[in-house]
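Let's take a walk through this model together, from one chain to the way two chains meet. Keep the sequence and the 3D view open as you read.

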Amino acid sequence: MNALLPWAIFFALFCYLLAMALTLVRLLSGPSAQDRILALDYLYLTGMLVILVMGLRYASDMYLEAALVIALFGFVSSSALAKFLLRGEVIE
Amino acid sequence: MSLGTDFAGAHFWLEFVVSLLLVFSGLLVLTGAIGILRLKDFFQRMHPAALASTLGTWSACAASIVFFSALQDRPVVHASLIPVLLAVTVPITTLLLARATLFRKRSAGDDVPAPLAIGQPDDRKPDTI
């Protein structure tokens, strides 16, 4: 049972990568705009988790701030896009 | 610093717990992505995204907390900021997206529930705005 953690980190990163690929399919082929926004939000979330697990991989504290910033950017962009769907198409 | 040698011996159970949490988080995020890809309706598709933003992120951040606390021999709980941030921000995004979708489907004439009360800003009929 040697070196369990590197394999677990590799497995988690592989799962995140596969999840990002599946979400990318939904992002590119989404029937409506809100499907694409939902997929983009999920991509932001998965990318944040990838950066967090990369911090475990390299045993560095620096990755946590990057993950926080990515999470914040995801919130701002997704809520701005949803607000655009709510207002932009009818009024402007 | 090599992680395999650093966690040998007495720290086996810490390594085991961190590995279990990471594998659990990866499987949850993958399940959410499969749900986003395969469910039929948009309102159904909004549900599996919560798998990653709640339990997937919680277990990954718990793994980070356990790992760095064991690595530095002191409590390192910075990673608990991320679940707090997501708990504040994700409901806002979800609610805005659901409202926008309801509005768009109503203005397109789809079969969605009618507005509950007249006069709420986002529940007005599309042609009166």
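**A walk through chains A and B**

Just after α4(B), Asp73(B) takes a positive phi of about 60°. Helices here are DSSP runs of H or I with at least four residues, strands are runs of E with at least two, and both are numbered from the N terminus. Before going on, note that this is a predicted model, in which local features need pLDDT of at least 70 and side-chain atom pairs count only at pLDDT 80 or more, while totals for chains, interfaces and linings use all residues. Residues are numbered from 1 along each chain as its sequence is written, and chains are lettered from A and ligands numbered from 1 in the order in which they are written.

Now turn to chain A, which has three helices and zero strands. Its C-alpha atoms fill a box of roughly 60 × 25 × 10 Å along the principal axes.

How do the two chains meet? In total, 53 residues of chain B are in contact with 47 residues of chain A, contact meaning that C-beta atoms, placed from the backbone, lie within 7 Å. On the chain B side, α2(B) gives the most, with 16 residues. That side has 34 nonpolar, 14 polar and five charged residues; Ala, Val, Leu, Ile, Met, Phe, Trp, Tyr, Cys and Pro count as nonpolar, Asp, Glu, Lys and Arg as charged, and the others, Gly among them, as polar.

Look next at α1(A), residues 4–29, whose axis comes within 8 Å of that of α2(B) and crosses it at roughly 10°. Axes are lines fitted to C-alpha atoms, for helices over the stretch in contact, with angles from 0 to 180 degrees between N-to-C directions. The two helices are therefore roughly parallel, as angles under 35 degrees count as roughly parallel, over 145 as roughly antiparallel, 65 to 115 as roughly perpendicular and the rest as oblique. Their contact has 23 nonpolar, five polar and two charged residues.

Finally, α2(A) and α5(B) pack at about 170° with axes 10 Å apart, which makes them roughly antiparallel.

Notes: Contact = placed C-beta atoms within 7 Å.
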